[in-house]
Amino acid sequence: MQTTNEILNEYDKASLKKGIHFIMITRYSLSLIFFLAILTTLHQKNSIFNAIGTIIYLSMNLVIHYFQKKEILISKQWVYSIILIDILIVSLFFYLGIYSTPESDSAREIISGTFYTVYIFIVIYSGFLYSSRFVIIVGSLSALFYIIAVIIALQLGSNFYWKNDISITSRNSIIFAVEFRKVLFLFALVFCFNNFQAGDPNL
């Protein structure tokens, strides 16, 4: 007869395996979206950076897929590391994309919302590991790196406005009210996971 600890351990392993599977599927879907986005921006300088970032991102997912196929259970700490590396990779190529655009269009990567959407998905699939603490870390880092990207764009010459207005005619404009809502939404997403998912006391 199984003890309570054995039953809980089996449940944790089953939950982790299911979580890793969902993370893998989400990452494959994102990789496909990245490649399609690259095909539509081949004429832009940052398409090379995006292609490299996508290949690295996909390669890490192939490693996860290999272990899943071999039915080798990856430790939760190992998956934590992969997701944190995801944030670093996305942020690095986000910044490279901003720096590679002309000063007259430095807000393009911010306005397009592509990398912001990726941050949202990273927060979502970090929740598949059922750790409230880890979701908070991922959400906070995503918000921080996004704010840094906005600051970089501003330093490179983007126009700054406190709120949206019909008088704003420049495409190269960053609006505080819009960006504040984006960051607020990331934290709202974290709040939702903390309320609707079981927390894991061990990070």
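Analyst: The axes of α5 and α6 come within 9 Å of each other and cross at roughly 170°, where axes are lines fitted to C-alpha atoms, for helices over the stretch in contact, and angles run from 0 to 180 degrees between N-to-C directions. That angle makes α5 roughly antiparallel to α6, since angles under 35 degrees count as roughly parallel, over 145 as roughly antiparallel, 65 to 115 as roughly perpendicular and the rest as oblique. The helix names follow DSSP runs numbered from the N terminus, with helices being H or I runs of at least four residues and strands being E runs of at least two.

Before going further, please keep in mind that this is a predicted model, in which local features need pLDDT of at least 70 and side-chain atom pairs count only at pLDDT 80 or more, while totals for chains, interfaces and linings use all residues. Residues are numbered from 1 along each chain as its sequence is written, and side-chain values use heavy atoms, with hydrogens and water left out.

From α5, the residues Tyr116, Tyr119, Ile122, Val123 and Ser126 meet Phe134, Val135, Val138, Gly139, Ser142, Phe145 and Tyr146 of α6, where contact means heavy atoms within 4.5 Å. Sorted by class, this contact of α5 with α6 holds 9 nonpolar and 3 polar residues and no charged ones; here Ala, Val, Leu, Ile, Met, Phe, Trp, Tyr, Cys and Pro count as nonpolar, Asp, Glu, Lys and Arg as charged, and the others, Gly among them, as polar.

Helix α3 packs against both of these helices. With α5, α3 forms an angle of about 175°, and their axes lie 11 Å apart, which means that α3 is roughly antiparallel to α5. On the α3 side the contact is made by Ile83, Asp86, Ile87, Val90, Ser91, Phe93 and Phe94, and on the α5 side by Phe115, Val118, Tyr119, Ile122, Tyr125 and Ser126. In this contact of α3 with α5 there are 10 nonpolar, 2 polar and 1 charged residues.

With α6, the angle of α3 is about 10° and the axes are 10 Å apart, so α3 is roughly parallel to α6. The residues of the contact of α3 with α6 divide into 19 nonpolar, 2 polar and no charged.

Tyr119 shows how these contacts come together at one residue. Not counting residues up to four places away in sequence, Tyr119 touches Ile87, Val90, Ser91, Phe94, Ser142, Phe145, Tyr146 and Leu186. Tyr119 is also named, together with Ile83, Phe94, Ile110, Ile122, Leu129 and Tyr146, among the members that touch the most others in the largest nonpolar core, which has 48 residues. A nonpolar core is a set of buried Ala, Val, Leu, Ile, Met, Phe, Trp, Tyr and Cys residues joined through side-chain atoms within 4.5 Å, and buried means under 20% relative accessible area, exposed over 50%, partly exposed in between (1.4 Å probe, protein chains only). The helices α1 (4–40), α2 (46–69), α3 (76–100), α5 (114–126), α6 (132–155) and α7 (176–196) each supply at least two residues of this core, and α3 gives the most, with 11 residues.

Another residue to look at is Phe115, which is found in helix α5 and is buried, with a relative accessible area of 10%. Leaving out residues up to four places away in sequence, Phe115 touches Asn50, Val90, Phe93, Phe94 and Glu109. The C-alpha atoms of Phe115 and Tyr95 are separated by 10.0 Å, although the two residues are 20 residues apart along the chain.

For contrast, Phe176 lies in helix α7 and counts as partly exposed, at 36% relative accessibility. With residues up to four places away in sequence set aside, Phe176 touches Phe160, Tyr161 and Trp162.

Finally, here is the setting for these helices. The protein chain has 7 helices and 2 strands, and from the N terminus on its elements run α-α-α-α-α-α-β-β-α. Of the 203 residues of the chain, 43% count as buried. Among contacts in the chain between residues at least 6 apart in sequence, 75% join residues at least 24 apart.
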